[in-house]
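Dear colleague,

I am pleased to hand over the structure below, together with an account of what was found in it. Please read the two side by side.

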Amino acid sequence: MKKIIIIGASSGMGMRVAADMARLGWRVGIAARREDKLKELKAQYPDRIEYLAFDVTADDAVEKFYSLIELIDGMDYMLFAAGCGWRNPDLDEARDTETVMVNVLGFTRIINAAYKYYKDTANLHRGHIAAITSVAGAKGIGISATYSASKRYQWNYLQAIDQLAHQQHVNVAVTDIRPGFVDTPLLAGRNYPMQMSIDYIAPKLEKAMLRGRRVAVIDSRWAVVTALWKMVPDALWRRVELLD
């Protein structure tokens with residue numbers, strides 16, 4: 001029986017993947033800040049899901065993470081699905097601070113903890129670290145500056161962890177899953193070009209994770225768009241309006 005830990009499973013893509021894996025017969029450990037949502041998910045699959053409510057930005061996050069692994073007796077896959085971000089053209093300090101705390105500090109803590117777990121245990125059976133980042137990491141987006149910058153950090157950090165695993169001979173795959181516009185609170189109920197639903201994204205996300213792909217842009221349209229974004233010179237990019 002496969003085992004997966006999902007951080008950020010109280011809503012959105014994390015919740016959907018947790019339900020899908022439990023439905024397939026996996027042992028699933030879920031975590032998020034909202035305990036009520038975790039309880040609801042466990043109630044649907046009481047024999048397959050265990051949960052611990054904790055905040056990835058808290059000092060005891062790593063301790064709780066390891067406790068969750070113990071609850072399901074191991075971890076074949078780890079998916080980091082927690083995230084924070086807003087449209088923040090006014091550069092509200094509280095929102096920016098929370099985004100950095102979750103998307104940078106919390107992200108780093110959990111990815112580090114997962115890597116160290118696999119360094120100690122994944123000699124015979126390959127471990128898997130996956131994280132949901134965003135195509136927003138391709139360029140700085142003025143109206144969501146901290147969010148886009150934090151996603152670029154995640155891109156580079158996962159790349160570095162993959163390199164470190166190779167250098168240290170740690171048997172672990174690292175997958176960076178980059179969705180395009182998804183129908184989430186970040187978009188504030190607006191409809192954007194190529195906006196995708198969770199129902200559309202989830203199967204593609206799961207396929208990329210299970211195959212251990214290094215980078216997976218969801219979907220092919222967004223792969224083309226982000227490739228073009230990277231080619232846009234700064235003098236032109238500053239004129240582009242996104243998420244407005």
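A pocket here is an open set of points on a 1 Å grid over the protein atoms alone, with protein on both sides within 12 Å along at least five of seven lines, while a cavity is a set of points where a 1.4 Å probe fits but cannot get out; lining residues have an atom within 4 Å of a point. Grid points are joined across faces, edges and corners, and a volume is the space filled by probe spheres set on the points. Of the 13 residues lining this second largest pocket, Gly-74, Met-75, Asp-76, Tyr-117 and His-125 are the closest to its centre. The largest share of the lining comes from helix H4 (residues 93-121), which gives 3 residues. By class, the lining holds 5 nonpolar, 4 polar and 4 charged residues, where Ala, Val, Leu, Ile, Met, Phe, Trp, Tyr, Cys and Pro count as nonpolar, Asp, Glu, Lys and Arg as charged, and the others, Gly among them, as polar.

Please note that the model is predicted, that local features need pLDDT of at least 70 and side-chain atom pairs pLDDT 80 or more, and that totals for chains, interfaces and linings use all residues. Residues are numbered from 1 along each chain as its sequence is written, and side-chain values use heavy atoms, with hydrogens and water left out.

Next, the cavities. With a threshold of 30 Å³ or more, the count comes to 1 cavity. The largest cavity has a volume of about 40 Å³. Its lining consists of Gly-85, Trp-86, Asn-88, Arg-95, Asp-96, Thr-99, Ser-144, Ala-145, Thr-146 and Tyr-147. Helices H4 and H5 each supply at least two of the lining residues, and the classes are 3 nonpolar, 5 polar and 2 charged.

Asn-103 also lies in helix H4. With 0% relative accessibility, Asn-103 counts as buried; buried means under 20% relative accessible area, exposed over 50%, and partly exposed in between (1.4 Å probe, protein chains only). Beyond its neighbours within four places in sequence, Asn-103 is in contact (heavy atoms within 4.5 Å) with Gly-83, Cys-84, Tyr-147, Ser-150, Lys-151, Tyr-153 and Gln-154.

I turn now to the sheet. It is open, with 7 strands in the order S3-S2-S1-S4-S5-S6-S7 and parallel pairing. Strands S3 (49-53) and S7 (215-218) stand at the edges with a single partner strand each, so one side of each is left without a neighbour in the sheet. On average, neighbouring strands are turned by 15° against each other, direction ignored. Two strands pair if DSSP finds at least two bridges between them; helices (H or I, at least four residues) and strands (E, at least two) are DSSP runs, numbered from the N terminus.

Strand S1 (residues 3-7) pairs with strand S4 (residues 77-80) in the parallel sense over 4 bridges. Ile-6 stands opposite Leu-79, and Ile-7 stands opposite Phe-80. In a regular strand the side chains alternate between the two faces of the sheet. In S4, Tyr-77 and Leu-79 point one way and Met-78 and Phe-80 the other, and all are buried.

S4 and S5 run parallel and are joined by 4 bridges, with Ile-129 in S5 as the bridge partner of Met-78. In S5, 6 of the 6 residues are buried, so this strand is largely enclosed by the rest of the structure. Gly-127, Ile-129 and Ala-131 lie on one side, and His-128, Ala-130 and Ile-132 on the other. S5 is joined to S6 by 6 bridges, again in parallel, and Ala-131 stands opposite Asp-176 in S6.

Helix H5 (residues 145-168) lies across S5 (127-132) and S6 (172-179), running at about 160° to S6. Axes are lines fitted to C-alpha atoms, for helices over the stretch in contact, and angles run from 0 to 180 degrees between N-to-C directions.

Finally, Glu-241 is in the segment after helix H8 (234-237), and at 65% relative accessibility Glu-241 counts as exposed.

Yours sincerely
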